[in-house]
2 protein chains.
Amino acid sequence: MDTMGRHVIAELWDCNISKLNDMNLIEQIFVDAALKSGAEVREVAFHKFAPHGVSGVVIISESHLTIHSFPEHGYASIDVYTCGDRIDPNVAAQHIADALESKTKETVEVPRGMGPVEVKKYNVL
Amino acid sequence: MDTMGRHVIAELWDCNISKLNDMNLIEQIFVDAALKSGAEVREVAFHKFAPHGVSGVVIISESHLTIHSFPEHGYASIDVYTCGDRIDPNVAAQHIADALESKTKETVEVPRGMGPVEVKKYNVL
């Protein structure tokens with residue numbers, strides 16, 4: 001496989017707080033996001049923290065999706081990384097942002113596997 | 001927990017090809033890297049692709065470490081993301097680069113959880 005990849009970093013603020021603390025829901029949202037973008041799911045691992053917060057990853061054939069949620073801050077830190085040019089990681093990132101009802105989203109897309117590159121500024125939406 | 005985090009993106013080139021295709025070794029390197037940096041390991045999930053390549057993640061209390069390896073290109077795509085300021089993600093990233101015998105390393109550190117920020121250029125070593 002070619003090393004070229006696209007890595008979307010999405011900072012989701014002002015999310016639905018109860019959703020950010022629901023591990024099973026987040027896992028379903030992430031699997032749905034992967035499938036919606038056309039990715040093939042390989043491994044799924046999620047962890048619920050006490051007293052609150054969820055971390056998890058979906059490993060796809062084309063790389064990964066991760067989340068770290070901070071319900072107490074209404075914040076979720078998202079990464080969607082897809083190798084190749086068949087899949088658009090923004091499709092999955094948008095699905096996650098919509099599902100978590102984020103009202104303030106910052107994203108940046110980092111090219112991977114292509115040598116030194118300049119990373120653009122965050123795109124605040 | 002504070003939302004502030006540090007995310008090191010490391011592009012490792014010219015690695016030891018046989019190590020890049022050894023899933024069990026990579027899993028051990030990643031767990032060791034997490035522990036060396038002082039992180040607490042929560043979940044481990046790795047996947048071996050046919051005919052070659054390994055993807056995997058170590059979820060730590062402080063966020064995650066991921067890898068996607070491309071033995072046929074001598075390349076490994078690494079992310080080390082740590083929340084808070086107790087742990088330096090560069091310690092884990094350096095351990096991984098050394099263990100995989102990378103001869104050309106590009107890294108960039110992305111601040112997370114702090115709102116819109118400008119991301120620096122890759123640092124080629």
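**Close-up views of salt bridges in a predicted model**

**View 1. Arg6(A), Asp88(A) and Glu109(A) join in a network of salt bridges.** A salt bridge here is a side-chain nitrogen of Lys or Arg within 4 Å of a carboxyl oxygen of Asp or Glu. Side chains of opposite charge can pair when their charged atoms come close. Over all chains, the structure holds 14 salt bridges.

This is a predicted model, in which local features need pLDDT of at least 70 and side-chain atom pairs count only at pLDDT 80 or more, while totals for chains, interfaces and linings use all residues. Residues are numbered from 1 along each chain as its sequence is written, chains are lettered from A and ligands numbered from 1 in the order in which they are written, and side-chain values use heavy atoms, leaving out hydrogens and water.

**View 2. Lys19(A) meets Glu101(A) in a salt bridge of 2.7 Å, N to O.** Lys19(A) sits in helix 1 (residues 17-20) and Glu101(A) in the loop between helix 3 (89-99) and strand 6 (104-112), so the pair ties together parts of chain A that are 82 residues apart in sequence. Helices (H or I, at least four residues) and strands (E, at least two) are DSSP runs, numbered from the N terminus. Lys19(A) is partly exposed, at 23% relative accessible area. Buried means under 20%, exposed over 50%, and partly exposed in between (1.4 Å probe, protein chains only).

**View 3. Glu62(A) pairs with Arg86(A) in a salt bridge, their closest N and O atoms 2.9 Å apart.**
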